[in-house]
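I opened the notebook to look up side-chain packing.

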Amino acid sequence: MKPFWRSFWASSLASIVIGLFLFFIAMIIIVAISSSLFEEKPYVIKDKSVLHIKFDKLIAEKSFADFNPNGEKFLSESFGIREIKLGLLAAQKDNKIKGVLLNVDNLNTGYASLEEIRNSIIDFKENSKKFVYAYSEIYDQKAYYLSTVADKLYLNPAGMIDFRGLSAEIMFLKGAIDKLNIDLEIIRGPNNDYKSAIEPFTKDQMSPESKEQTKKYLKDIWSNMLSNIYKSRGISKDSLTIFADSLYIRNAKDAESHYLVDKLIYEDEMIAMLKQQTKTAKDEELSLVSFHKYCKNKSKEHPSFKESSKKDGNLAIVYAVGPIESGKSTNTSMGSETVAKAIREAREDDDIKAIVLRVNSPGGSVLASDVIWREVSKTTDPSCENRKPFVVSMGDYAASGGYYISCPADYIFAEKSTLTGSIGVFGVIPNFGPMLEDKLGITFDRVETNLHSRSLLSLNNELSPEEKQIVQEEINEVYYSFLKKVASGRDGLNEEEVDEIARGRVWSGKDALNNNLIDQIGGIDAAIEYAAQSAKIKENNIKVQYFPLEKRLPILEFLENMEQLNDDGNNTNSTSKLFSKFEIIYNHLKNIESINGYQARLPFDIIIE
């Protein structure tokens, strides 16, 4: 039998080696194909083209592509806000682009980001004098709000507009925790009555404080939307409020009769109108240019686009995006190691004259936040050898830990719809011991050399009264340190005044301005302009350098280009939207695992619809 087994194992090993060899050969071939087929070629568009804006991908702070093996497509892609803005700037002066068709029905972005994009389209209209039309079969509230900037707004005769006001939905886990027999020790900072991050674990509904703050910032966002719709469509805020309260807009005819749209038409009629507008012959095909492709190519032609080179940049944009965690950043999380290093590199780069920190984060680990705060505070310290203007631009969120890292800045911008503040701290210490014993019959015992040898953060033991007191004192210390950092960074606020507006409360950008938590309402362009002026960089000489620098895998480039071959396809459907709802719940549960140590985090995961 020995010869048989010797032969068997030898042939098996040979098969594995050959398989690995063929795999690597295949990868080399793919990379070679991607290099030859998708090498840089001149991007050409036809005369009399219309820019087709669909926004059917995730809109994030910066563009990225990552593997998505479980999805409908190879890649999970995002559409960067800065890329969108530069693309629209390029289209203003592009003689081949005659106008824009907004064709959106469902937008995957926050309201502050939506505001920036909307303002960029308004800027496109005013500066280019080109037409902007909007058409869709169904408008959700975000899509309708964006589309109201159009010169003409059209709806399919069988379509509808969702217009009913905003609501915020919060998922509570207390019932599940009770059923599983899990003990959770929740400890929060003093006077943190608005720090309701712990409520999903301890309650089955919102506290009065939580409802108060949520209703306030929702009203601020909604009021801003109504004001801007009035400016664009001429429909009074009172009328819009009546439409929402009474659910008058039940079908397409209702939308037309109440002037929410200009006309009910079918897609072929829309195409005919665009042909007439661009003077395209009836027997010719209308040239609709994918906005995603256009931005990917044309944004790189903008003078300020220097992402691939460190040599020519004189103004740094450092991205601080996602929940704050220790370690390195990913496409969806902010790693303290990565962001701190990026700030340090920008500070020590003599060619960089000013820094803009773009923050879009609900917060996270206090420890990780403090690591980033240290680099920001060093940069803004008057005694810093490399002192240079440091400006923060807040996106959809800059709350709790997101505000923690922002407060030392020289100047802070936020949109009216930005959620910020939430200056507070909490800790969650779960005890799975009762659940494991009750459900699985698993128990624990230990021997200790000292009174508190076991970890205070053990997941299968209840804290003693003395241990609870120790943790409470530590959280109090972190909270008071947070207050000191904010008071130190914000001129005109002392610790008592910060404590009064802190308490873990979330503020809209509008209220944050009134409370001196930010300095000015505005988006990232306003922040860049202010930073450049502070550094005495002339407007026509601003050269943006993006940090942290990233190297993209050739295989990702290949797959992304493959996806773009069918870029005009509409990949949004009811199934994917339903899946995204379950994905939100899954990610909420997954995030509980990542809560490690003391947290400065947005009070809860909010779904605003």
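I began with the surroundings of L260. Setting aside neighbours within four places in sequence, I listed its contacts as Y144, L153, I161, F163, R233, I235, F243, I249 and A255. The model is predicted, and I read every entry here with that in mind.

Next I checked where L260 sits. I found L260 in the loop between α9 (252–257) and β10 (263–264).

Y144 and F163 are among the contacts of L260.

I then turned to ring pairs. How many aromatic pairs does the structure hold? I noted 15. One that I looked up is Y133 with Y154, an edge-to-face pair with 6.0 Å centre to centre and 85° between the planes. Y133 belongs to strand β6 (residues 131–139) and Y154 to strand β7 (residues 152–161), so this pair ties together parts that are 21 residues apart in sequence. I marked Y133 and Y154 both as buried.

Last, I looked up charges over rings. The charged end of K485 sits over the ring of W373, 4.4 Å from its centre. For R505, I found the charged end over the ring of W507, 4.4 Å from the ring's centre.

Terms used: Residues numbered from 1 in each chain as written. Predicted model: local features only at pLDDT ≥ 70, side-chain atom pairs only at ≥ 80, totals over all residues. Heavy atoms only, no water. Phe/Tyr/Trp six-rings, centres within 6.5 Å; stacked < 30°, edge-to-face > 60°. Helix = DSSP H or I, 4+ residues; strand = E, 2+ residues; numbered from the N terminus. Buried < 20%, exposed > 50% of the residue type's maximum accessible area, 1.4 Å probe, protein only. Lys NZ or Arg CZ within 6 Å of the ring centre and 35° of its normal. Contact = heavy atoms within 4.5 Å.
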